[in-house]
Amino acid sequence: MSALHGKVAIVTGAAGGIGRASALLLAERGAAVLAVDRAPEVIDTAALIAARGGRADAVQADCATEKGVTAFVAQAMRDFGQLDIVHANAGILGAFAPSFDEGPEAFAETLRINLIGPWLAIRAAVPHMTRGGSIICTASVAGMRAGAGGIAYSASKAGVINLVQTCAQLLSGTGIRVNAVAPGLVETGMTQMLFDAARSRGREGKIGQLNPLRRSGEPPEIAEAVAFLASDAASYVNGQVIAVDGGLSTSHPFAPRPAGA
Ligand SMILES: NC(=O)c1ccc[n+]([C@@H]2O[C@H](COP(=O)([O-])OP(=O)(O)OC[C@H]3O[C@@H](n4cnc5c(N)ncnc54)[C@H](O)[C@@H]3O)[C@@H](O)[C@H]2O)c1
């Protein structure tokens, strides 16, 4: 039997990128999936799952308002009658690099979507996760230390790391585990401009060179970690952050020498 057979999952930010890969993999492993995003392409994610023989529905919602979150959790309960897995993944980049030019409104919007959104999702989902379950948030290596994003983005992802620790403690005795994945550089809608710029300058080979695997990641590689955390194989993993970054976060910056030098 598939690892997630009989489980019901919500995946936010599921219109593309990491969220779509997660929704597809959770469904492939047997979960019924409610795919959520504010972008209309979320419907295509559910259609892809159905085309592969899985069970899925899609809903367009703002994942960072109480109204939106309450509505999509209610929809999951209406569609599938239970809730076991939440992947709170929707996010925005905000300012690309640290700068004091990023004003308070833009800063607040990044915190709203990247940090308040996952908190709202946890808060709304928990009362329905009566059989225990697994909540996974998408953090980032940017939340571990500086150098991988703007100030608001990095602060929001640092907040997500503490959010999963604090909520894991708060949910003591419930059988609900709360963890995060922290991706490194992955080619998605969020990072497309970086990849496009590097390719247009003939510098594609430089992408991801700061990690020991010397390449960027693919959305399905992040989804594998999500599916592990969602499954009973991770039954004793709680309050943790798993970096899926080719080893990027294991070192302070240095100039790598060629292999064998
Ligand atoms: N791509 C990377 O290199 C990388 C690295 C580390 C972390 N992440 C994180 O991974 C997560 C997924 O991002 P991605 O890389 O797949 O980018 P993406 O832009 O392809 O996906 C993000 C999705 O979130 C949705 N979204 C944004 N705000 C929303 C809102 N308020 N309500 C509903 N949906 C909303 C977008 O429509 C989009 O479909 C994000 O949290 C991001 O911060 C990405």
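Is Cys63 buried or exposed? In this predicted model, Cys63 is buried, with a relative accessible area of 11%. Cys167 also counts as buried, at 8% relative accessibility.

The cysteines were then examined for disulfides. A disulfide is a covalent bond between the sulfur atoms of two cysteines. For a pair to be counted, the sulfur atoms must lie within 2.5 Å. The cysteine sulfur closest to that of Cys63 belongs to Cys137, and because the separation is 12 Å, it is too far for a bond. For Cys167 the closest cysteine sulfur is again in Cys137, here at 7.5 Å, which is also too far for a bond. The count of disulfides comes to zero.

In soluble globular proteins, nonpolar side chains tend to be buried together. The largest nonpolar core of the model holds 37 residues. Those that touch the most other members are Ile10, Leu34, Val36, Phe72, Leu83, Ile135 and Val178. Two or more residues of this core come from each of the strands E1 (8-12), E2 (32-37), E4 (85-88), E5 (133-138) and E6 (176-183), and from each of the helices H3 (66-80), H4 (104-125) and H5 (151-170). Helix H5 gives the most, with six residues. Apart from this core lies another, of 31 residues, including Ala46, Ile49, Ile85 and Ala230.

The surroundings of Val36 illustrate the packing. With neighbours within four places in sequence left aside, Val36 is in contact with Ile10, Val11, Thr12, Gly13, Ala14, Val42, Val59, Ala61, Cys63 and Phe72. Among these partners, Ile10 and Phe72 are listed with Val36 as residues that touch the most other core members. The buried Cys63 is also one of the contacts of Val36.

Methods
Residues numbered from 1 in each chain as written. Predicted model: local features only at pLDDT ≥ 70, side-chain atom pairs only at ≥ 80, totals over all residues. Heavy atoms only, no water. Core = buried A, V, L, I, M, F, W, Y, C linked by side-chain atoms within 4.5 Å. Buried < 20%, exposed > 50% of the residue type's maximum accessible area, 1.4 Å probe, protein only. Helix = DSSP H or I, 4+ residues; strand = E, 2+ residues; numbered from the N terminus. Contact = heavy atoms within 4.5 Å.
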